[in-house]
Structures are given as structure tokens and as C-alpha cells.
Amino acid sequence: MLHNIEPHKYSCNFAPRPPIYEQDYFLLFCGEQILLKQENEGVILPRLSDLPDIARREQELLYLFSIDDIVFWAYYPAIRIKERNNSDWKYLPIRNLREFDPPWLAFAAITGYHLYFWYDHNRYCGACGAKFGHSAAERALLCPDCDYLKYPEIAMAIIVGICDGDKLLLTRYAESHYKRYALIAGFVEIGESPEDALRREVFEEVGLLVKNIRYYASQPWGFSRSLLLGFFAEVDGSGEITLDTGELAEAVWVKREDISAETNLISLTATMMMAFKNNNLRNADKNENK
């Protein structure tokens, strides 16, 4: 999955150091777009040395995290770097990162987007309205007037593979750039356990009841700024679907052998679909931690 980047090691510790221009990466976002360079048949991320006119303004560089000894930086406050007519650096949708190679840089870029979004959408203190500053001791925003500390936000969401014997329920979203089959998913609301959120989402979207809920694996997913918890469950009673057309365009039962093979397993969704297809529903987190 996207966050499995071995042998590289991700460190979220807040440990800023001076930038190394030829080595460190520069993540520049504008809304849901990221600055990338078309090269041969793929795209690459800029290093600080690729954009020296802005990277040298070190007081506006924002430390994000490190992978191995490489630091990833953003620019704060967020600005859109003007695309030059003679430059190959262009803003492209962040969804392009799903196909980015190498995978460890795809993970870095989308994790950077998660942090960028948080910084960019929390410029003022929600308690008193003053402009936030940055804590020098930890990754947090600090209000200079009321001392309120705000930490990065992670939304919890569930994904569930609903089984009926040798069949798995596959869905397509009603309004999304992602047009391939997926599993039912949704955010956990305040006061809900993940299991209760799972039952609610399943009933709301396809009108089914489920039983024998079993945890499978988790995944940080910066595209939706969330932590995904994956489960499998069995349909309880009738498998007749009542589709919520506001959320889903389609929901169908597909036999194990008829599920299309997926080679790109960066997402928990694809990983779970292949686990069902291959009849291997053992807890993935336990397997990876052996």
C-alpha cells in the first residue's frame, strides 16, 4: 500500500534543519494541484535547487517531514508559483500521484498535501481570531494572543468489503474522478465507533445489514486527509441492494473469480479486493508486522 515504502524510512518527527538544496524536495501545491515536471513518459517532483528564486527565501520554507535523510519542504504562506511559458513545471491534479513512480515519493507528495491543506486552512485561531504563529518546539500552530495550540487533523474513515459466500459487493461512486470499482467507505462521525459507522454507511448506501465484522488493515490516506480502517463483513439476511443514488452510481455482487486483477495496490481498497479474490482474508497488519 501507499505507506509501505521499505527500505525507506519515514519520520514525522518535527526536527527542522537547514535546507540542502541539491537533495531536499520542494512540494508546491495550489488547491488540489501539485507542481510537477513532465519528463520522458512520467513526471518528477522538484528539488529546492530546481526553483532557486523562491527556495532561497528560507524564512518562508516550511519543514514537513523527512524520509531517510531527505527533507520535504513546502512554502508558507501558500502561493501559486507562476508557470513560465518556457518551463516544463506545470500544476497537475494530485490524483496523478496515484500512478507516480517511485512509490515512496508518491507517499511523500500526498502526505505533504495532507499537511499543506491543514496549514493552509488554519491561518487564524478559532478561539480568538488572531493570526496563528508556529510553535518552535513541535508541529503545532500557536496563537500569540490566547496561547491556543492546534495540532494537525486526521479524519477517521472506514472501508468495508461485504461478502456473501464467494461474492463481494463492488460499488462505483456517483460523482468522482475515480471511475473504477471500489468498496463502501465513509467517515466516522462524532460519538461513533468504527464498527457503528460501518453498519450505518452500509445501510445508508446499499440498504444491507451486516454481521461478523472483522478488522483487516489500516492506511493513512492523504488524498482525503484521513486514516482508513479496513474491515470485512458478511451480509446479514437478504443481499438485495437498495442503492443510494446520491452516493453511488452502481453496486453489484461479483464472484471471486470475476473480480478484475489489480496490479497497482497503493490503496487499501485495491488491496482488500485482491485479498478477497485470492481468498486470503487474514489480517494484513499482522502479516506485515511479522
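The legends below describe a predicted model, beginning with the whole chain and moving on to single residues.

Residues are numbered from 1 along each chain as its sequence is written, and side-chain values use heavy atoms, with hydrogens and water left out. Because the model is predicted, local features need pLDDT of at least 70 and side-chain atom pairs count only at pLDDT 80 or more, whereas totals for chains, interfaces and linings use all residues.

View 1. Helices (H or I, at least four residues) and strands (E, at least two) are DSSP runs, numbered from the N terminus. Along the principal axes, the C-alpha atoms fill a box of roughly 60 × 50 × 40 Å. Of the contacts with a separation of 6 or more, 65% are between residues 24 or more positions apart, a contact being heavy atoms within 4.5 Å.

**View 2. Glu201, a buried residue in a helix.** Glu201 belongs to helix 3, which covers residues 194-206. With a relative accessible area of 8%, Glu201 is buried, where buried means under 20% relative accessible area, exposed over 50% and partly exposed in between (1.4 Å probe, protein chains only). Leaving aside residues up to four places away in sequence, Glu201 touches Ile158, Ile184, Ala185, Gly186 and Phe187. Across the chain, 44% of the 290 residues count as buried.

**View 3. Arg56, an exposed residue in a loop.** The loop that holds Arg56 runs between helix 1 (52-55) and strand 6 (61-67). Arg56 has a relative accessibility of 54% and therefore counts as exposed. Pro19 is 37 residues from Arg56 in sequence, while the two are 9.4 Å apart in space, C-alpha to C-alpha.

**View 4. Cys12 and Cys30, two partly exposed cysteines.** The relative accessible area of Cys12 is 48%, which makes this residue partly exposed, and Cys30, at 25%, also counts as partly exposed. A search of the whole structure finds zero disulfides, a disulfide being a pair of cysteine sulfur atoms within 2.5 Å.
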